[in-house]
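Here are my notes on this one, in the order I'd go through them with the model open. Have a look at the structure, then read on.

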Amino acid sequence: PFPTIDAYWNEYRFYQGWCDAPDYCKVTYFIEGDTIIDSLLYQKIYCASPDLTHYFGAMRESNKKVYFKRSGCPNQVLLYDFNFNIGDSIKYPIELCDTSWAYYQTVTSIDSVLLQDMTYRRRINFNGTYWSWIEGMGTTSGLFYPYYWGIACICSTHLVCFFHNDNLVYLDESTMPCFNLAVSQPEFSGNNQDFDIYPNPFTTSTTIEYELIEPTHVNLTIYNAIGETIYEAEDRLMPIGKQTFIWSAESLPEGLYYAVLRSGEGVSVVKMFKQ
């Protein structure tokens, strides 16, 4: 079945003149809660970019058919029908809101594919496309592709990695490393406790320093860019004054990390870069 909780589609967009190589534009779609629309239960889909997270629309599955209703759109569209057999066709409106102009894609073959979580899933392939449907995941080019800005644009999307229930299910790092822009979103609110990291960027180790105005329990957790916990210090009572911790990352790969400091004075997050 299609996921209803704890699912993240991490993809990048190419849009000529706007999201060009090599950086493109990164986006994460994720499920957070549910809602009732026309007496039917939908899962709420959010879209996270580096600068903004917003409600994008609602999705539901019925008899292996997946429907989506974008926020502000009057109609729902059929995203997937995993009952398809060879020769079946789907009508693709050019955009998620406009169903008046559409084109069709026809299934040319069906096989199975072994994914990162070591499970085989049904794969549905279409005529003249470089993307396929994978049952319970979406397309290899992202959750909503080929629903995108319009047929006249020079644009596309590409799925980099897909997570479900904290498991990495799909991975394609041929263009860029896996990422997750929705990682620990609740942690990024209420940044009340200041702390410093130096040097930053760093090569082998860095110093994390913070000051407490009263004795309080403190927890320090470090995540990598896809939300995996790399280090977690034991929650313990710390005294008043300046606290210093040296974190060694010599065995870790280069890239982005997040240091999350939780204390009685709040929660704060700082980005760290290992060179």
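1. Let me start with Met176, which counts as buried at 6% relative accessibility; buried here means under 20% relative accessible area, exposed over 50%, and partly exposed in between, with a 1.4 Å probe and protein chains only. The residue sits in the loop between β13 and β14. Strands are DSSP runs of E with at least two residues, helices are runs of H or I with at least four, and numbering goes from the N terminus. Leaving aside residues up to four places away in sequence, Met176 touches Tyr12, Asp23, Tyr24, Lys26 and Val160, a contact being heavy atoms within 4.5 Å. Tyr24 is 152 residues away from Met176 in sequence, yet the C-alpha to C-alpha distance is 9.8 Å.

2. A word on the ground rules before going further. This is a predicted model, where local features need pLDDT of at least 70 and side-chain atom pairs count only at pLDDT 80 or more, while totals for chains, interfaces and linings use all residues. Residues are numbered from 1 along each chain as its sequence is written, and side-chain values use heavy atoms, with hydrogens and water left out.

3. Now the overall picture. You'll find zero helices and 21 strands in the protein. Of its 275 residues, 45% are buried. Take the contacts between residues at least 6 apart in sequence: 47% of them join residues at least 24 apart. The accessible surface comes to about 14,000 Å², and carbon and sulfur atoms account for 48% of that; areas come from the Shrake-Rupley method with a 1.4 Å probe, and for residues only the protein chains shown count as cover.

4. How many disulfides does a search of the whole structure find? There are two, taking a disulfide as a pair of cysteine sulfur atoms within 2.5 Å. One joins Cys19 to Cys25, at 1.9 Å from S to S. Its S-S torsion is about -85 degrees, so this disulfide is left-handed. Cys19 is buried at 0% relative accessible area, whereas Cys25 is partly exposed at 21%.

5. The other disulfide links Cys161 and Cys178, with an S to S distance of 2.1 Å. Here the torsion about the S-S bond is about 85 degrees, so the disulfide is right-handed. Cys161 lies in strand β12 (residues 155-164) and Cys178 in the loop between β13 (167-171) and β14 (195-198), so the pair ties together parts 17 residues apart in sequence. Both Cys161 and Cys178 are buried. As for Cys47, that residue is buried too, at 5% relative accessible area.

6. Back to the loop between β1 and β2, where Tyr24 is found. Tyr24 has a positive phi of about 55 degrees although it is not a glycine, and is partly exposed at 22% relative accessibility. Pro22 is in the loop between β1 (7-15) and β2 (25-37) as well, and the peptide bond from Ala21 to Pro22 is cis, with omega near 5 degrees. Another cis peptide bond joins Tyr198 and Pro199, with omega about -5 degrees; Pro199 is in the loop between β14 and β15 (205-212). I'd look at these backbone spots together.

7. Next, a sheet. Five strands make an open sheet in the order β7-β8-β9-β10-β11, with antiparallel pairing; two strands pair if DSSP finds at least two bridges between them. β7 (89-93) and β11 (138-139) are at the edges with a single partner strand each, so one side of each has no neighbour in the sheet. Inside the sheet, seven bridges join β8 (residues 102-114) to β9 (residues 120-126), and Ser109 has Asn125 in β9 as its bridge partner. Leu114 lies in β8 and is partly exposed at 39% relative accessibility.

8. Finally, the β5 and β6 hairpin, which has six residues between the strands; Gly72 in the turn has a positive phi of about 85 degrees. Strand β5 (residues 65-70) pairs with β6 in the antiparallel sense over four bridges, and Val66 has Tyr80 in β6 as its bridge partner. Four of the five residues of β6 (residues 77-81) are buried, so this strand is largely enclosed by the rest of the structure. Lys64 is found in the loop between β4 (53-62) and β5, with a positive phi near 65 degrees.
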